Amino acid sequence: MSRTKMHPDEVDIDGPLVARLVAEQFPQWAGLPVRKVRSAGTDHAMYRLGDEMSVRLPRMPGAADQVDLEQRWLPHLAPHLPLAVPVPLGRGVPGEGYPFPWSVYRWLDGANLFDEPVTEPHDAAAGLGRFVAALRSIDTAGAPRSFRGGPVGTADAGVRAAIRDLGADGTHDAGAATAAWEAALRVPQWDGPPVWLHGDLLPGNLLARRGRLSAVIDFGCVGVGDPACDTMAAWTLLSADTRKVFREAAGVDEATWARGRGWALRFGLTAEHYYRGGRNPVLARVGHRAAAEAIADHQAC
């Protein structure tokens, strides 16, 4: 367990621990091979259990509530969505010195888009847009608020600190980043009813099979709020030409699109600021791209 930790309150997790937890709480699966899944995820560790299942374990206290969130709401959302999503098969409890609840899911085949870009980007953009639109249309009765479902400006202090530091070392143009951020803060806020959003449509949470988008994973941020956050994928993942395809399929208005660009800028700057320097090189690169694309798109507009 020598892996560099991304968070100061992160707990130790390894394969033998996962095997003991499974054997103790799900004896029908005891003895199945446990293999670590390489992932750039920050909140959870992932292990493959046999050939048909995966185990997802929170790394830190702040992620523990996501277990109940996914267990409760994934079965509600899945029948309405055009892409595959995780299917919960079991809910584990603390044990063997591990302090949090955890989940067993059906394994979803596919390569995440951090590692393998899709071969048909226009098709992926349209499919992801349809996914966002379908999610937005699902009944919200009793739904929880997403922590990313509020105004983009709630992270103003963190964004400006990131602009200061990333500008000082030449990573981004501080003046251009500030102009793009302040423009995002001026966009009219969402005044419609809250709608379902995934909240974390980053390349690592999207899977493709044979080069085509096939599944969306990691619903730890799922909840209701302003749909702008889910348009963030247009800048974290897509190119300028495929953004248009995504926007048309998602069916969002001009203000929602502009707020989504602000979310991409917020995520990009703060993620690069926090995860650079070896803490999580993949997310630092995704953050850099998101910020650069959002700034360039703001300037183009």
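**Reading the fold of a predicted model**

Q: How much of the accessible surface of the protein chain belongs to carbon and sulfur atoms?
A: This is a predicted model. The accessible surface is about 13000 Å². Carbon and sulfur atoms hold 53% of that surface.

Q: Why does the radius of gyration agree with that of a compact globule?
A: The chain has 301 residues, and a compact globule of that length would come near 19 Å. The protein chain has 19 Å, so the two agree. Along the principal axes, the C-alpha trace spans about 60 × 40 × 40 Å.

Q: What makes a residue count as buried, and what percentage of the protein chain does?
A: Buried means under 20% relative accessible area. In this chain, 52% of the 301 residues count as buried.

Q: What share of the contacts joins residues 24 or more positions apart?
A: Contact means heavy atoms within 4.5 Å. Take the contacts with a separation of 6 or more: 71% of them join residues 24 or more positions apart.

Q: What makes a set of residues a nonpolar core, and which members touch the most others in the largest one?
A: The members are buried nonpolar residues, such as Leu or Phe, joined through side-chain atoms within 4.5 Å. The largest core has 67 residues, and Phe-131 and Trp-196 touch the most other members. Helix H8 (residues 254-275) gives this core its largest share, eight residues. Another core lies apart from it, with 19 residues, including Ile-13 and Tyr-98.

Q: How many positive and negative side chains are there, and how far apart are their centres?
A: There are 32 positive and 35 negative side chains. The centres of the two sets lie 1 Å apart.

Conventions:
Residues are numbered from 1 along each chain as its sequence is written. This is a predicted model: local features need pLDDT of at least 70, side-chain atom pairs count only at pLDDT 80 or more; totals for chains, interfaces and linings use all residues. Side-chain values use heavy atoms; hydrogens and water are left out. The radius of gyration is taken over C-alpha atoms; the globule rule is 2.2 Å times the number of residues to the power 0.38. Buried means under 20% relative accessible area, exposed over 50%, partly exposed in between (1.4 Å probe, protein chains only). Accessible areas come from the Shrake-Rupley method with a 1.4 Å probe; for residues, only the protein chains shown count as cover. Lys and Arg count as positive and Asp and Glu as negative; His and the chain ends are not counted. The place of a charge is taken as NZ of Lys, CZ of Arg, CG of Asp or CD of Glu. Helices (H or I, at least four residues) and strands (E, at least two) are DSSP runs, numbered from the N terminus.
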